[in-house]
Amino acid sequence: MIQVEHLVKRYGVHTAVDDLSFTVEKGQIYGFLGPNGAGKSTTMNIMTGYIAANSGTVTINGYDILKQPEIAKRCIGYLPEVPPLYTDMTVREYLMFAAELKKVGRRERAAHVEAVIEQIQLQEVQERLIRNLSKGYKQRVGLAQALIGDPDVLILDEPMVGLDPKQIIEMRDMIRGLAKEHTVILSSHILSEVSAVCDHIMIISAGKLMADGSPEELQQMMRGRAVLAVTAFGTKEQAEEILGGMEQIASYTVEAGQETDTVALHVEALDDADIRKELSTALTGAGMPILSMNRVEKSLEDIFLQLTENTDETSMEEAGADENSPEQDRERGDFIEDSVEKGETDDDSDL
């Protein structure tokens, strides 16, 4: 469906995307996850043909986004972080305009727009000016624009930014519904958004792909050795002597516990082995009663922080380079207009 190979994008001395390669398969929801400044928006803008890369290729359904832009862009529906809306139009006028620009046939245009309005649940506001809509409805109109032309791929940049909790839930449900007929790629720096919606997560940091897989695969990948957190009565010397004599243990730390006469142990077992029984027997047998013992699992939050801890917080994207670089400082709606040759619609406007 989408093949990205060795993508590089630089802004002066800053590298926003650094030799990025990945494949997007049909019929799934993919999530770009990374902190502000990781290169998510830059990558999406290159994938849509909105800006050019310094090197590397992007192919959509076999079409190179730079060498065959018109055909490739017909396969893409794009919702930028700030929806490309013309606020002096009504919702229906704007979607009809988008349909004309995307060369939806005149005879089919009205029915197609009506179907999209119904799919995105815009019936109640279709005759209202866009400027008078709430943030949530404006986001829906932007999503409806991306669906015009029935593209195979939907690319959504921070689709839930600025929405209230109820609107976020509604947008999640809408995206899940769209995934039945489209491949969806969305970006976010909020882990809960991505993990709640996506089948496949790609963690990006400093322009590089740090890890990818399903949420379950990422947890398995980063789990490593089993870690036990133990609180027991006794001294540090006693604990070190016991732990040092157990062959199943790869490493351990011993610190003073929060309660009087206790120690806090963090024990890593070899080969992800379950040594709770052996450890309990060894400690209690040496006169160190156990107050608590818990197996510590790495959450997606732990994985995300571990993989992105060295991200440069002052990168160009966080400073606004992704959204406001010279290549991107263009009129709203240019992506729609760039997806066809200027002035070559199939007939007169219906507007």
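Hi everyone. Let's start with the residues around the largest cavity: Gly136, Arg140, Leu163, Gln167, Glu170, Met171 and Met174 form its lining. Before I go on, please keep in mind that this is a predicted model.

So how much space lies in the largest cavity? About 40 Å³. And how many cavities of 30 Å³ or more does a search of the whole structure find? The search turns up one.

Next, where does that lining come from? Two helices, H5 (135-147) and H6 (165-178), each supply at least two of the lining residues. The largest share comes from H6, with four residues. If you sort the lining of this cavity by class, you get three nonpolar residues, two polar ones and two charged ones.

Now let's move to another pair of helices. Helix H3 covers residues 91-101 and helix H4 covers residues 106-119. Their axes are 10 Å apart, and the two helices pack at an angle of about 125°. Because of that angle, H3 counts as oblique to H4. As for handedness, H3 and H4 make a right-handed crossing.

Which residues meet there? On the H3 side we have Arg92, Leu95, Met96, Ala99 and Glu100. On the H4 side, their partners are Arg109, Ala110, Val113, Glu114 and Ile117. By class, this contact of H3 with H4 has six nonpolar residues and four charged ones, with no polar residues.

To recap, we looked at a cavity with residues from H5 and H6 in its lining, and at H3 packing against H4.

Conventions:
Residues numbered from 1 in each chain as written. Predicted model: local features only at pLDDT ≥ 70, side-chain atom pairs only at ≥ 80, totals over all residues. Heavy atoms only, no water. 1 Å grid on protein atoms, 1.4 Å probe; cavity = no way out; pocket = protein on both sides within 12 Å on 5 of 7 lines; lining within 4 Å. Points joined across faces, edges and corners; volume = space filled by probe spheres on them. Nonpolar A, V, L, I, M, F, W, Y, C, P; charged D, E, K, R; others polar. Axes fitted to C-alpha atoms, helices over the stretch in contact; angles between N-to-C directions. Parallel < 35°, antiparallel > 145°, perpendicular 65-115°, else oblique. Left-handed = near helix turned anticlockwise from the far one by under 90°. Contact = heavy atoms within 4.5 Å.
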